[in-house]
Amino acid sequence: MSAYTYRVRSQPDYPILKWDASGARHLLVILDLDTTSIADLCDSACPGPLEILLRGEATHPALVRFSKENVLIHSFASMDSLIAALENALDQATMGLRLYALGHEDGLWKCNKAGQKVGMSRDEIQLAQASTTGRPVYCVHCGQHMNLIHTNITLCAGCKRHLLVRDHFSRLLGAYMGFQIDAECPGFIPAVEEVFP
Amino acid sequence: MSAMRNVVVSRIQSLAPGIKEFTFIAPPGEELSRFSAGSHIVIHSVLKGKPHHNPYSLLGSPDDPYWRIAVRRQEVSRGGTAYMHEALKEGDTLRVSEPINLFPLVRLGRKYILVAGGIGVTPILSHAREMSRLKMDFEVHYAVRSPEYLVFGDELRTLSPGRFYTYLDSAQERPDFKQLFGNQPLGTHTYVCGPTGMIDACLNAGRAAGWPESHLHSEKFLAAEHGEEFTVVAAQSNVTITVASDTSLLDALEEAGLNPPCLCRGGACGQCEAEVVSCDSEFVHRDIFLTDAEKSSRKKIMPCVSRVKGGTLILNI
């Protein structure tokens with residue numbers, strides 16, 4: 001795989017999560033368990049009351065520290081049920097809350113959208129990519145949304161066109177733009193490579 | 001400097017002791033530009049040979065074909081507000097800047113808390129009008145010295161029925177900011193304008209309750225204060241000027257024929273920021289634009305409201 005060095009301005013940059021001490025309460029959404037990323041966050045104690053929304057089992061060893069600190073951890077079996085619970089929590093929450101999300105990009109931007117829906121601003125939300133760089137992709141031809149695309153070219157699940165997965169990212173759609181790769185030379189599809197492991 | 005234009009004073013009205021409302025219209029054959037809620041204009045005047053520049057929030061509705069401001073006569077006026085109150089007459093022509101907005105409305109919020117102290121009500125009134133027009137969720141908190149200073153109170157009460165709260169200093173009433181900020185839904189924004197002490201108390205209560213800076217909006221204009229006489233050297237222009245004790249650094253630079261960029265002339269916008277080459281005395285920073293770290297670095301100064309305590313200041317302009 002060749003590393004990407006070219007960046008377009010819309011492509012998100014994900015720093016490591018850091019507790020924001022200016023917040024009064026903290027809500028952490030863990031979309032995929034990834035021990036190294038959580039370790040970065042856990043190096044310091046959370047500066048205020050913390051709750052965790054987790055997709056998966058709360059018995060994961062990476063969460064032992066939180067269990068010891070009596071942090072309330074809510075487990076969800078599916079992404080949809082987690083996002084629904086997040087939307088509900090944010091709707092009830094008061095100013096002073098900071099939202100942190102950790103996981104794959106598709107989930108991160110669903111969390112961001114839930115925050116935006118209740119009027120949260122960029123300085124209240126932190127997103128950190130973990131576990132995979134697989135991309136959410138939006139087909140600009142038929143509007144199909146696909147998730148966890150690992151290759152430079154992918155077949156659209158909607159219109160069956162071969163799409164080039166671009167770096168051009170839409171925060172509103174929470175996805176990278178996919179354009180038909182063989183629009184000018186029908187049938188000419190370059191080699192498909194895994195570039196987003 | 002922002003674009004300038006002439007306006008004609010069409011109406012002067014007394015609102016409260018020491019507070020007058022001025023309505024401006026365009027000279028014949030011209031039109032006033034529209035403005036967004038939160039905008040201000042800067043009135044330029046020359047009194048006893050000295051230039052004065054005073055910023056005032058526009059309090060009218062952006063759709064009006066005229067501009068309105070309210071001016072409180074400062075107890076210790078350098079001349080600007082005294083001139084407005086005593087010398088200006090209906091029919092006079094004034095030189096003013098086009099509207100500038102350093103206090104714009106963020107439209108993505110879920111709820112808004114507007115806080116006004118005294119004459120700081122002026123931009124709050126324009127925001128309340130806009131929010132009422134757009135059917136936004138908002139409430140107004142208005143603190144004044146005593147009942148006769150509750151200017152525009154009736155209008156604000158009409159704009160935010162059941163959600164207009166007043167606090168009279170004469171009755172020992174004060175807004176309880178801690179309580180106000182403690183239990184607001186996510187997506188709430190606060191806009192505050194008034195005396196420095198009230199703005200600070202309001203913002204600090206918001207920060208203590210965990211509000212991010214992006215949801216705390218404030219505006220205050222400062223007047224340049226008198227100080228010690230000092231010498232300023234404009235290094236690029238190779239000009240040496242003496243800044244008199246009753247003149248601001250920006251006014252002195254302009255009088256010497258230099259034309260440094262500026263907008264608000266009240267220490268708020270950051271346009272006039274000047275790079276300091278060296279200074280052999282103490283800085284008196286009074287702006288609200290530079291960070292504390294920048295102020296103590298001795299590398300930058302805002303000439304509109306800040307100065308130095310004697311000696312020589314060398315600027316890279």
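A nonpolar core is a set of buried Ala, Val, Leu, Ile, Met, Phe, Trp, Tyr and Cys residues joined through C-beta atoms within 7 Å. The structure discussed here is a predicted model.

Q: Which residues have the most contacts inside the largest nonpolar core?
A: The largest nonpolar core has 110 residues. Its members with the most contacts inside it come from chain A and chain B: A:Val29, A:Ala101, B:Leu114, B:Ile124 and B:Ala128.

Q: Which residues are in contact with B:Leu114, leaving aside its neighbours within four places in sequence?
A: B:Leu114 is listed among the residues with the most contacts inside the largest core. Beyond four places in sequence, its contacts are B:Ile124, B:His127, B:Ala128, B:Phe138, B:Val140, B:His141 and B:Tyr191.

Q: How many residues are in the second, separate core?
A: This core includes A:Cys156, A:Leu163, A:Ala175 and A:Tyr176. It is separate, and its number of residues is 11.

Q: Why is one side of strand 3 and of strand 5 of chain A left without a neighbour in the sheet?
A: Five strands of chain A form an open sheet with parallel pairing, in the order 3-2-1-4-5. Strand 3 (72-76) and strand 5 (125-129) therefore stand at the edges, and each has a single partner strand.

Q: What is the bridge partner of A:Ala101 in strand 5 of chain A?
A: Strand 4 (residues 97-103) of chain A pairs with strand 5 of chain A in the parallel sense, over five bridges. In strand 5, the partner of A:Ala101 is A:Leu127.

Q: Which strands of chain A does helix 4 touch?
A: Helix 3 (residues 79-92) of chain A packs on the sheet and touches strand 1 (25-30), strand 2 (50-55) and strand 3. Helix 4 (residues 105-117) of chain A also packs on the sheet, and its direction makes about 165° with that of strand 4. The strands that helix 4 touches are strand 1, strand 4 and strand 5.

Q: How many residues of chain A on the side that touches chain B are charged?
A: The contact takes 16 residues from chain A and 18 residues from chain B. On the chain A side, seven are nonpolar and six are polar. The charged ones number three.

Q: What is the radius of gyration of chain B?
A: Chain B has seven helices and 19 strands. For its 317 residues the globule rule gives 20 Å, and the value for chain B is close to that, so the chain is as compact as a globular protein of that length. The radius of gyration is 20 Å.

Notes. Residues are numbered from 1 along each chain as its sequence is written. Chains are lettered from A and ligands numbered from 1 in the order in which they are written. This is a predicted model: local features need pLDDT of at least 70, side-chain atom pairs count only at pLDDT 80 or more; totals for chains, interfaces and linings use all residues. Two strands pair if DSSP finds at least two bridges between them. Helices (H or I, at least four residues) and strands (E, at least two) are DSSP runs, numbered from the N terminus. Two residues are in contact if their C-beta atoms, placed from the backbone, lie within 7 Å. Axes are lines fitted to C-alpha atoms, for helices over the stretch in contact, and angles run from 0 to 180 degrees between N-to-C directions. Ala, Val, Leu, Ile, Met, Phe, Trp, Tyr, Cys and Pro count as nonpolar, Asp, Glu, Lys and Arg as charged, and the others, Gly among them, as polar. The radius of gyration is taken over C-alpha atoms; the globule rule is 2.2 Å times the number of residues to the power 0.38. A residue is buried if 20 or more other C-beta atoms lie within 10 Å of its own, exposed if 12 or fewer, and partly exposed in between; C-beta atoms are placed from the backbone.
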